[in-house]
Amino acid sequence: MAGTKAKSREARRCQVGPLRTWASCLRAGAAAAGMVVAAISCGSGSDSGFATSAPAGADNLGNGGGVSGPSGQDFSAEDAASAAPVALPPEMKVESNYQSPVATGNVVWIANPTSGLVAYIDATTFDVETVEAGNGPTYLAAVPDPTDDVAIVLNVLSQDATLLRDHAGTLSAKTFPSTSDANSWGISTSGRWAIAWTNSTLITTTDPTQGFQDIAVLDLSGARPPQTLSVGYRPSQVAFSGDETRAFAVTQDGISVVDLLGGSQPSVVANFPLNAPVAASTGATPVDGSASDGSLDASVKGPVDDAGTTFAEDASSGSSATPDVSFTPDGSYALVRTDGASAITVISLADGTATAVPLSSPPTDLDMSPDGTFALAVLRDDSAVVTLPIPGIFSDPTSFTTTTITGEVVGRAIVTPKTSTGQFALLFTTAAAIDRLTVLTLQTTPTYRTIVLHAPVLAVFPTADAQNAIVLHSITPTPGTGVEGAFSIVPIGADLPAKIVGVPAPPTAVALSPTSDHALISIRDDTKNTYGLYIGLMPSLEVVNYTLASPPIAVGIAAGASRGYVAQDYTEGRITFVDLGTEDCDAQSPCEQARTITGFDLGARIVTGSGQ
């Protein structure tokens, strides 16, 4: 490890850099709450230097295209429901392309790969300072800490990492080793462990010989030396156990288990397969009704061996599919869904024991409840959702219940946190142009209601209090209207209509305040030089908007300062802060006043106004 470098509040200002340095390198991982960034490229001509990947169908948003059926025609719910013989495409899960991990604090960190500097912007005082990192600092992540503002950045050229800390007004930087192609961070809840790894799903052009299997395990407390380890082929996810004694890497070979505390250094101790044998059913009762027990139709899909055992198809056999894996928060179990397989595999992470849960049709989505007590699997072919109790489903694979959503096509599910007003699952599809969202109330006898949204669904973001949600839409622009994108504010806890907002450019990023009363949505169209920030106020559903002078790259919430921010692509560096106060605020007299800091490389200056 290299030595520690400290700088006081008099840390030098950013040096002048070449065109498109600061703004192009703003990225997820601010040590401010709610840093949100689109992982897909937001326009041509940007040389951000970040590994980016547009998910299947993502161009529909950027190009203003709608979602169409297999023959190119738009589908209504009735059309899709009646078109069972025509296979719909897989559901899109693109929420992560508009968000990044959330941390608390007053600070926004901004990396400049060209100068090797990281800027530190205090959202309370608007002070801008810099600290030296390695060569090519690019991928930032927030590190939880009880007292300090802390972030860590991957330096792609020097192939190391820099831990940045603001302690009592003093900035410091500490260097750790990394891997040659790392592009992602896994950070433990306590902030002790950081794992630098390569998310293969973010790399668009690869050779089969590129496994991206190296990870760097860093003990940020300094108690254990850093260690480079090898996991399975093409990792897609990293998680930690609740007690932070182990880490898990989801790969196409299975779940690689890293023992963090055993022995003298961290090591890979096991690889758990992602599939489990499914006992073939003979004449079980099909799922029916609005709610039922875990009985199963006989037609379990998947390959069958000579003994009559059916196996859930999975990515561990060398296919290029990325497994859909959900971990319980305490790291006790992992649930695995594979496209086309009519089963969910439940894996005990204590020893790798796996149980297959046969289902009547292939689930198109799997979502874990925030508290880890159950998971929902969506059976789009059956217009149903299956509730899998945890840990009960591991020992009894028939203990699930099924709820049918009559007359709706549902392929995705997002489970909200449980609050005093209840708990909900938001059901929708991204595979057809259906403009409805179903709110399923999760209780002993589930109930549901369907909300008309007036435009197809692309992505859904519920608030922390489970009272509202932001929905991004995929639309086909109508010539002459000036509308190129849309979002909705959707009441969940109250039976009220959704508010849809047409915007002059596609949305690119979403941030929700921890207090659930503000939503920030940025828009961007480089071909028309249209850039803006929209602020949704909840529960009033009022919307305030600002014109931006530069293309937005990231939006987020600095919770400690009660301010939102939008970082922009600008030669000298530009970031706009908006006050998110709660007193005497409405659409006519908003307290969301904008302040723009411009010129990190020239000595930052602040402009108060609309963010120009």
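Modeller: Helices (H or I, at least four residues) and strands (E, at least two) are DSSP runs, numbered from the N terminus. Arg563 lies in strand E41, residues 563-568. This is a predicted model: local features need pLDDT of at least 70, side-chain atom pairs count only at pLDDT 80 or more, and totals for chains, interfaces and linings use all residues. Residues are numbered from 1 along each chain as its sequence is written, and side-chain values use heavy atoms, with hydrogens and water left out.

Biologist: Why does Arg563 count as buried?

Modeller: Buried means under 20% relative accessible area, exposed over 50%, partly exposed in between (1.4 Å probe, protein chains only). Arg563 has 13% relative accessibility, so Arg563 is buried.

Biologist: Why is Thr179 called buried?

Modeller: Its relative accessible area is 8%, which is under 20%, so the label holds. Thr179 sits in the loop between strand E9 (170-177) and strand E10 (184-187).

Biologist: What does the side chain of Arg563 reach at 2.7 Å?

Modeller: The backbone oxygen of Ala123. A polar contact is a pair of N or O atoms within 3.5 Å; within protein, one must be able to donate a hydrogen and the other to accept it, and residues adjacent in sequence count only if both atoms are side-chain atoms. For Thr179, the side chain reaches the backbone nitrogen of Ala182 at 3.5 Å.

Biologist: What makes E36 and E37 a pair?

Modeller: Two strands pair if DSSP finds at least two bridges between them. E36 and strand E37 (residues 518-525) have 5 bridges, in the antiparallel sense, so they pair.
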